[in-house]
Amino acid sequence: MKTVIIATENKGKIKEFKELFAEKGIEVQSLLDLSFPDEIEETGSTFEENAIIKAAALADYYQKPVIADDSGLEIDALDGEPGVYSARYAGGAKNDDANMEKVLENLKGVEESDRTARFVCVIAVVIPGQNPFTYRGTCEGLIANGKTGTNGFGYDPIFYLPEYKKTMAQLLSEEKNRISHRANAIKQLMTNIDEVIG
Ligand SMILES: O=c1[nH]c(=O)c2ncn([C@@H]3O[C@H](COP(=O)(O)OP(=O)(O)OP(=O)(O)O)[C@@H](O)[C@H]3O)c2[nH]1
Ligand SMILES: [Mg+2]
């Protein structure tokens, strides 16, 4: 079976990458399967920069093609926050519940029509000796007034999809994997996947 290395330690992302790549008969190896020795600092100011930083760190070390996902939530009423800081919005350790509480607090009193937001997923591909390239997928929705649903990860319980009348966390994984920002970016990546898995 062909294998692709993904420079992530986020279990929610890994599950979705495994599901979406399994459909193509490709196995996924993540930072949870490898013994990469360093902590990767996400010092970029865009999803593209951070995704390239993560993929390049592993591609340099293993001398193999590597992909990475940098993603997050952009809320229009908060000028695009939490954006690249989505994982650590409430500070310190990554805590999905604290992050969602902070978003809900910051949007108190904001009317439904002004609660527009999108998930963004940028996938970077770094092949040793070549210029990196990226793919960007998005998914539009609204920030709900509270949390609903238990599937998915991150901000999914407060991300409402008017078309489905459900939050992202109420969708089955098959449904999320058809419409999500990550699914959208992976679809674009698949057009070039032979280069990445050699
Ligand atoms: O509800 C959500 N559904 C999603 O589908 C989703 N995708 C991303 N996010 C949020 O954005 C952060 C990414 O930050 P991020 O790209 O730096 O990843 P991370 O730090 O969690 O792991 P790594 O890949 O860097 O190892 C994550 O932690 C989440 O809070 C999502 N939230
Ligand atoms: Mg991260």
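Modeller: Start with pLDDT, the predictor's confidence in each residue, from 0 to 100. The chain has a mean pLDDT of 96, and 100% of its residues reach 70 or more. This is a predicted model, where local features need pLDDT of at least 70, side-chain atom pairs count only at pLDDT 80 or more, and totals for chains, interfaces and linings use all residues. Residues are numbered from 1 along each chain as its sequence is written, and chains are lettered from A and ligands numbered from 1 in the order in which they are written.

Colleague: What ipTM does the predictor give the complex?

Modeller: The ipTM is 0.97, and the pTM is 0.97.

Colleague: On to the ligand. How many residues surround ligand 1, and which are the closest?

Modeller: There are 24 around ligand 1, with T8, N10, S86, A87 and G154 the closest. A residue is in that shell if its C-beta atom, placed from the backbone, lies within 6 Å of the molecule.

Colleague: Which element gives the largest share of that shell?

Modeller: Strand β3, residues 66-75, with 5 residues. Strands are DSSP runs of E, at least two residues long; helices are runs of H or I, at least four; both are numbered from the N terminus.

Colleague: And how do the shell residues divide into nonpolar, polar and charged?

Modeller: The shell has 7 nonpolar, 9 polar and 8 charged residues. Nonpolar means Ala, Val, Leu, Ile, Met, Phe, Trp, Tyr, Cys and Pro; charged means Asp, Glu, Lys and Arg; the others, Gly among them, are polar.

Colleague: Which residue does UniProt list as "active site"?

Modeller: D70, from an unreviewed UniProt entry. UniProt positions are in the numbering used here, feature names are shortened, and annotations may be inferred rather than shown by experiment.

Colleague: Where is D70, and is D70 buried or exposed?

Modeller: D70 is in strand β3. It counts as buried because it has 27 C-beta neighbours inside 10 Å. The cut-offs: buried is 20 or more other C-beta atoms within 10 Å of its own, exposed is 12 or fewer, partly exposed is in between, with C-beta atoms placed from the backbone.

Colleague: What does D70 touch?

Modeller: Leaving out residues up to four places away in sequence, D70 touches F47, N50, A51, K54 and V122. Contact means C-beta atoms, placed from the backbone, within 7 Å.

Colleague: Which residues are listed under "binding site"?

Modeller: The unreviewed UniProt entry lists E41 and D70. They span 30 residues in sequence, yet no two of their C-alpha atoms are more than 12.3 Å apart, so they gather at one spot. E41 sits in the loop between β2 (26-30) and α2 (47-62). With 10 C-beta neighbours inside 10 Å, E41 counts as exposed.

Colleague: Now the core. Which residues touch the most other members of the largest nonpolar core?

Modeller: A55, V66, I67, I123 and A124, in a core of 48 residues. Strand β4, residues 116-126, gives the most to this core, with 9 residues. A nonpolar core is a set of buried Ala, Val, Leu, Ile, Met, Phe, Trp, Tyr and Cys residues joined through C-beta atoms within 7 Å.

Colleague: Pick I67. What does I67 touch?

Modeller: V4, I6, A55, I123, A124, V125 and V196, again not counting residues up to four places away in sequence.

Colleague: What about phi at D79 and K165?

Modeller: D79 is not a glycine, yet its phi is positive, about 55°. D79 lies in the loop between β3 and α3. With 8 C-beta neighbours inside 10 Å, D79 counts as exposed. K165, also not a glycine, has a positive phi of about 55°. K165 lies in the loop between β6 (159-161) and β7 (166-167). K165 is exposed, with 8 other C-beta atoms within 10 Å.

Colleague: Last one. How far apart in space are L78 and A117?

Modeller: 9.4 Å, C-alpha to C-alpha, for residues 39 apart in sequence. L78 is in the loop between β3 and α3.

Key: Two residues are in contact if their C-beta atoms, placed from the backbone, lie within 7 Å.
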